[in-house]
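Me: I would like to learn how to read the pairings between side chains in a protein model. Could you take me through them one kind at a time?

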Amino acid sequence: MYLVIGLKDLFKDGFAVRLVILGVSSDIGLAFALYWASRGHEVYGTYRTMSGRLATESGSFRGIYWCDLKNPQSIDSCANRLREEVGTWDVMLLCPGTMEPIGRFDRCDFDQWADGILVNLTGPLRFLQKCLCFRTKNIATVIFFAGGGS
């Protein structure tokens, strides 16, 4: 049996939420991370590319972890570290993405296109599958942001 709680209820004052953001290095991921961290929630994030802004803001988060969504071993390793170091999570926000390659399908490099599918779709799904077993029961919420041409 699951308790249904809307996001508005989950983020009420006085109710600390533990968030995992896949793609905290994306603009939207970083914006959400900073917003929720500033309100006292526990924020953990993953990144594929460390930006200058993420490096500057990383002290606002409980932890950040490298994860290459094109590499199944990297995904599994990151999920295992989160399980060991974070424990359960309440909200998972999946917002990684690449817009490469841009152009007509019949003219783009197929390997780049396949990498885009890994980063935008199958990598995040693999990560979620690995992390579902340590979600907070009854209240865990998963939010996918589509982007990068997915």
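Me: Which residues are linked in a network of salt bridges?

Reply: The general idea is that side chains of opposite charge can pair when their charged atoms come close. In this structure, which is a predicted model, a network of salt bridges links Arg 18, Glu 42 and Arg 62.

Me: Are Arg 62 and Glu 42 buried or exposed?

Reply: Here the two partners have to be read one by one. Arg 62 has a relative accessible area of 56% and is exposed, whereas Glu 42, with a relative accessible area of 16%, is buried.

Me: How many salt bridges does the count come to, and where do Glu 85 and Arg 81 lie?

Reply: The count comes to six salt bridges. One of them joins the side chains of Glu 85 and Arg 81, at 3.3 Å from N to O, and both residues lie in helix 4 (residues 72-85), where they are four residues apart, about one turn of the helix. Glu 85 counts as partly exposed at 45% relative accessibility, and Arg 81 counts as partly exposed at 37%. Another salt bridge is formed by Asp 106 with Arg 104, whose closest N and O atoms are 2.6 Å apart; Asp 106 is exposed, with a relative accessible area of 56%, while Arg 104 is partly exposed at 47%.

Me: How should I read a pair of aromatic rings, and how many aromatic pairs does the structure hold?

Reply: A pair of aromatic rings is described by the distance of the centres and the angle of the planes. This structure holds four aromatic pairs. For Phe 105 and Trp 113 the ring centres are 5.3 Å apart and the planes stand at 70°, so the pair is edge-to-face; the cut-off behind that step is that planes over 60 degrees apart count as edge-to-face. Phe 105 counts as exposed at 51% relative accessibility, and Trp 113 is partly exposed, with a relative accessible area of 33%. Ring pairs also link Phe 32, Trp 36 and Phe 145 into a cluster.

Me: Which residues is Tyr 47 in contact with, leaving aside its neighbours within four places in sequence?

Reply: Tyr 47 has its place in strand 2 and counts as buried at 16% relative accessibility. With those neighbours left aside, Tyr 47 is in contact with several residues, among them Val 24, Leu 54, Ile 64 and Trp 66. A distance between C-alpha atoms can be read as well, and for Tyr 47 and Gly 29, which are 18 residues apart along the chain, that separation is 9.6 Å.

Me: How many disulfides does a search of the whole structure find, and why is there no bond at Cys 131?

Reply: The search finds zero disulfides. A disulfide needs two cysteine sulfur atoms within 2.5 Å, and the closest cysteine sulfur to that of Cys 131 is in Cys 78, 7.2 Å away, which is too far for a bond. For Cys 133 the closest cysteine sulfur is in Cys 131, and at 7.4 Å that is also too far for a bond. Cys 131 counts as buried at 0% relative accessibility, whereas Cys 133 is partly exposed, with a relative accessible area of 42%.

Conventions:
Residues numbered from 1 in each chain as written. Predicted model: local features only at pLDDT ≥ 70, side-chain atom pairs only at ≥ 80, totals over all residues. Heavy atoms only, no water. Salt bridge = Lys/Arg side-chain N within 4 Å of Asp/Glu carboxyl O. Buried < 20%, exposed > 50% of the residue type's maximum accessible area, 1.4 Å probe, protein only. Helix = DSSP H or I, 4+ residues; strand = E, 2+ residues; numbered from the N terminus. Phe/Tyr/Trp six-rings, centres within 6.5 Å; stacked < 30°, edge-to-face > 60°. Contact = heavy atoms within 4.5 Å.
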